[in-house]
Amino acid sequence: MPNLDYEHLMYQQGVIKRSWYLWYVSEWRSKTLAFGVIVLVLLGVWWGFPRTRTPENAVCYYLWRLRKTNGTQYDRYRAREKLSALLRAPEPAAVRALSERVTSLLRYEAPPPETAESLLSVLVEHRAVADKHGSSLGPGLAQSLRTSNPDIRSRIQKALVLLAADRKKVLPDDLKGWSPSKQDSLQELEDRIQQWSALWASP
């Protein structure tokens, strides 16, 4: 028995409407849905792609490359070079994003010492650019002393001393000679942070 196209016969006999036949039998419904999905995807790419290439997102990406635990030395070198290029441009948004993101990473995520050293060196290397664009590193680094890792805290302290000398700040001897350790009490740590914050707030 030959296969009969019942829907087509019903359409020819006027049993079903043309719109119903086209929408369901000719699969215009699925074709329209597929077309709509394609349009939405293209619109999403058109809207989102330029926003992924902002200086802030570029900084986040290269910082991630710099922090990858399985990254090679060459990967980290390339990430540092890209960050340096962004800062030399210079992009004020990139400068602010870098200083804010690095100080946050040091404070809350406590990366491995080697990574922390790389992050700090990027900041210190471009301290003049940061100052020029109103992104002072001192206050942010002072707050990063709250990190739970005493080794990172010690590295931040050394960076702060270097920045203070660079800006001709007069450091109290006890603050300049402070060597953070895991024996530091919470009160002592807060006192040091307050000292640094007051120093950066002074003219």
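Lys 168 lies in the loop between helix 10 and helix 11 (173-176); helices (H or I, at least four residues) and strands (E, at least two) are DSSP runs, numbered from the N terminus. The phi angle of Lys 168 is positive, near 60°, in a residue other than glycine. Lys 168 counts as exposed because its relative accessibility is 71%, where exposed means over 50% relative accessible area, buried under 20%, and partly exposed in between (1.4 Å probe, protein chains only).

The model is predicted: local features need pLDDT of at least 70, side-chain atom pairs count only at pLDDT 80 or more, and totals for chains, interfaces and linings use all residues. Residues are numbered from 1 along each chain as its sequence is written, and side-chain values use heavy atoms, with hydrogens and water left out.

The protein chain contains twelve helices and zero strands. Of its 203 residues, 34% are buried. Among contacts (heavy atoms within 4.5 Å) with a separation of 6 or more, 61% join residues 24 or more positions apart.

At the N-terminal end, Asn 149 caps helix 10, with a side-chain oxygen 2.8 Å from the backbone nitrogen of Asp 151. Such a polar contact is a pair of N or O atoms within 3.5 Å; within protein, one must be able to donate a hydrogen and the other to accept it, and residues adjacent in sequence count only if both atoms are side-chain atoms. The buried residues of helix 10 include Ile 152, Arg 153, Ile 156 and Leu 160.

Arg 153 also takes part in a contact with Asp 184, a residue in the loop between helix 11 and helix 12 (186-201). Leaving aside neighbours within four places in sequence, Asp 184 touches Trp 178 as well. Asp 184 is buried, because its relative accessible area is 17%, and its side chain reaches the backbone nitrogen of Ser 181 at 2.9 Å.

Elsewhere, helix 4 (residues 55-67) packs against helix 7 (residues 113-125) at an angle of about 145°, with the axes 10 Å apart. Axes are lines fitted to C-alpha atoms, for helices over the stretch in contact, and angles run from 0 to 180 degrees between N-to-C directions. Helix 4 contributes Leu 63, Leu 66 and Arg 67 to this contact, and helix 7 contributes Thr 115, Ser 118 and Leu 119.

The structure also holds four aromatic pairs. Rings of Phe, Tyr and Trp (its six-membered ring) pair if their centres lie within 6.5 Å; planes under 30 degrees apart count as stacked, over 60 as edge-to-face and the rest as tilted. Two of these pairs are listed below.

| Pair | Type | Centre to centre | Angle between planes |
|---|---|---|---|
| Tyr 61 and Tyr 62 | edge-to-face | 5.0 Å | 65° |
| Tyr 61 and Trp 64 | tilted | 6.0 Å | 35° |

Ring pairs link Tyr 61, Tyr 62 and Trp 64 into a cluster. Tyr 61 and Trp 64 are separated by about one helical turn because they stand three residues apart in helix 4.
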